[in-house]
Amino acid sequence: MTHNLVVVDYETSLRSILSRLVKTISQHSDLLSGLTHSEADLLNLTGAQGAAILWGDRWTQVGQTPDIPDLSAIVEWLEASVKDELFSTDALAQVFSDAARYQQVASGLISLALSKINRSYILWFRPELAQMANWSSNADQPEGNQPEDAQPGEVDREKTGQLSACLAFAQQQEKMIDKSLPWKPCEIEAVRELRDAIVSIALRRVDELAQTNLELERSNQELDAFAYIASHDLKEPLRGIHNYSNFLLEDYSEVLDEEGVAKLETLVRLTQRMEDLIDSLLHFSRLGRVELDLKRINLNNLVKTVIEVLHLSRSGVSLRMPKPLPTIECDPVQVSEVFSNLISNAIKYNNAQEKWVEISWIDKFNSPFSSIDRRQEKAFKPVFYIRDNGIGIPEHHLETIFRIFKRLHSPKQYGGGTGVGLTIARKIVERHGGQIWAESEVGKGSTFYFTLQP
């Protein structure tokens, strides 16, 4: 009866811990911080002495655990040998021989695979329960403890009973070598319920994110439509101002004094610039409404056409292409504009005596990015780049340069422009599921990187 009460109390305690842990996870913005907010609850959920969480390529350790290389080896073994999301053993070294080296902290293991694709695991550990005990036999007893009338080989019955009990306990202890205290069914069930709760929280957040994205997409569509309509309606009166200003210059230049003519000429220039800005805004808003026309495109042919249109061969700029570009699936018209905008900027913002532009890409086998391992190779997409030896960009401007109408120089410097080219390039890249970013050093040049696939 007492034993049953103890079991019920323990199960009730686990449910309280689980409830507290789930509440904490739900209150944090990310699951990892929620799991590790209360280290005691994480350990007490299973009665473990150590826990380790793998989140992508990052380990978080709580209590007594094997070293990180050993933890990674355990996960690799789990991925290769265990199909179930939940696995437990009280004798890890018997199924994974490498674990014999650290069984003093990890004889027992519960592993929970939250996501095998994203490599998210929680591991709980228990140490080895007991070491081999040395027990004395009858021969080890002091002679004074033997009955005076005892015959050789005979032992007092009371002592025989004590020795039998000791030998039985020694045999039991021997069985527990390389093992931890067994995991209770209620502890395994608590882990299972934790997983269900985490999945539920994750799904709810996915739904919330999907709803937010849907609202953002609707807002973006409305904003694009508004920008298109507003820009289109603005062009007509602006064109009228521009034309009538020209008429005044043509018909009344002799009547007006020098200052009046100069003001009209300024008005013509300003209206022309405003029209250029509106055209850029129209083009940008149109990008959000036009469907991508995806095709298998050889980028070498695409870039060759861009170079011909820009007359790069006659500009005195040295073109470098260290290796052929790959063939990918993309919208050729829009991707041509990305290359055109980036190459144009590389030429425009360059005051070197011998200008050069390098167009190339980084593949998965020749990448400067660390953290790309064998499991990620197939998923890794080419990173394209346009590099130059131009004026460079201050580091604090590397993010702002992609904002619409953001210019670092006056319109009169470096050939003018509307400040929309990089914004359009980013829009196109993101519509292809990619990213764009820049690295630069003032006075030495810039490199713009971009991907065209998720």
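**Aromatic pairs and helix packing**

Author: Gladly, and let us begin with two tyrosines: both Y385 and Y449 are buried. Please keep in mind that this is a predicted model.

Reader: Thanks! How many helices and strands does the protein chain have?

Author: The protein chain has 454 residues, of which 38% are buried. Among its contacts between residues at least 6 apart in sequence, 68% join residues at least 24 apart. As for secondary structure, the count is 12 helices and 12 strands.

Reader: Which kind of aromatic pair do Y244 and F247 form?

Author: The structure holds 8 aromatic pairs. In the pair of Y244 and F247, the ring centres are 5.7 Å apart and the planes stand at 85°. An angle over 60 degrees puts a pair in the edge-to-face class, so Y244 and F247 are edge-to-face.

Reader: Where do Y244 and F247 lie, and is Y244 buried or exposed?

Author: Y244 and F247 both belong to helix α8 (residues 185-252), 3 residues apart, or about one turn of the helix. F247 has 42% relative accessibility and so counts as partly exposed. Y244 has a relative accessible area of 60%, and the cut-off for exposed is over 50%, so Y244 is exposed.

Reader: What about Y385 and Y449: which kind of pair are they?

Author: The ring centres of Y385 and Y449 are 6.0 Å apart, with the planes at 55°. This pair links distant parts of the chain, with Y385 in strand β10 (residues 383-388) and Y449 in strand β12 (residues 445-450), 64 residues apart. Because 55° falls between the 30 and 60 degree limits, the pair is tilted.

Reader: Which ring does K323 lie over?

Author: There are lysines over ring faces here, including K184, which lies over the face of Y10 at 5.6 Å from the ring centre. For K323, the distance to the ring centre is 4.6 Å, and the ring is that of W361.

Reader: Now for the helices: at what angle do the axes of α11 and α12 cross?

Author: Two packed helices are described by the angle between their axes and the distance between the axes. The axes of α11 (residues 332-348) and α12 come within 9 Å. Their crossing is left-handed, and its angle is roughly 145°.

Reader: Which residues of α12 meet α11, and which residues of α12 are buried?

Author: On the α11 side, the residues in contact are Q334, V335, E337, V338, N341, L342 and N345. They meet G421, L422, I424, A425, I428, V429 and R431 of α12. The buried residues of α12 (residues 421-431) are L422, T423, I424, A425, K427, I428 and V429.

Reader: Which residue just after α12 takes a positive phi?

Author: The phi in question is about 85°. The residue that takes it, just after α12, is G433.

Definitions and conventions
Residues are numbered from 1 along each chain as its sequence is written. This is a predicted model: local features need pLDDT of at least 70, side-chain atom pairs count only at pLDDT 80 or more; totals for chains, interfaces and linings use all residues. Side-chain values use heavy atoms; hydrogens and water are left out. Rings of Phe, Tyr and Trp (its six-membered ring) pair if their centres lie within 6.5 Å; planes under 30 degrees apart count as stacked, over 60 as edge-to-face and the rest as tilted. Helices (H or I, at least four residues) and strands (E, at least two) are DSSP runs, numbered from the N terminus. Buried means under 20% relative accessible area, exposed over 50%, partly exposed in between (1.4 Å probe, protein chains only). A charge sits over a ring if NZ of Lys or CZ of Arg is within 6 Å of the ring centre and within 35 degrees of the ring normal. Axes are lines fitted to C-alpha atoms, for helices over the stretch in contact, and angles run from 0 to 180 degrees between N-to-C directions. A crossing is left-handed if the near helix is turned anticlockwise from the far one by less than a right angle, and right-handed if clockwise. Contact means heavy atoms within 4.5 Å.
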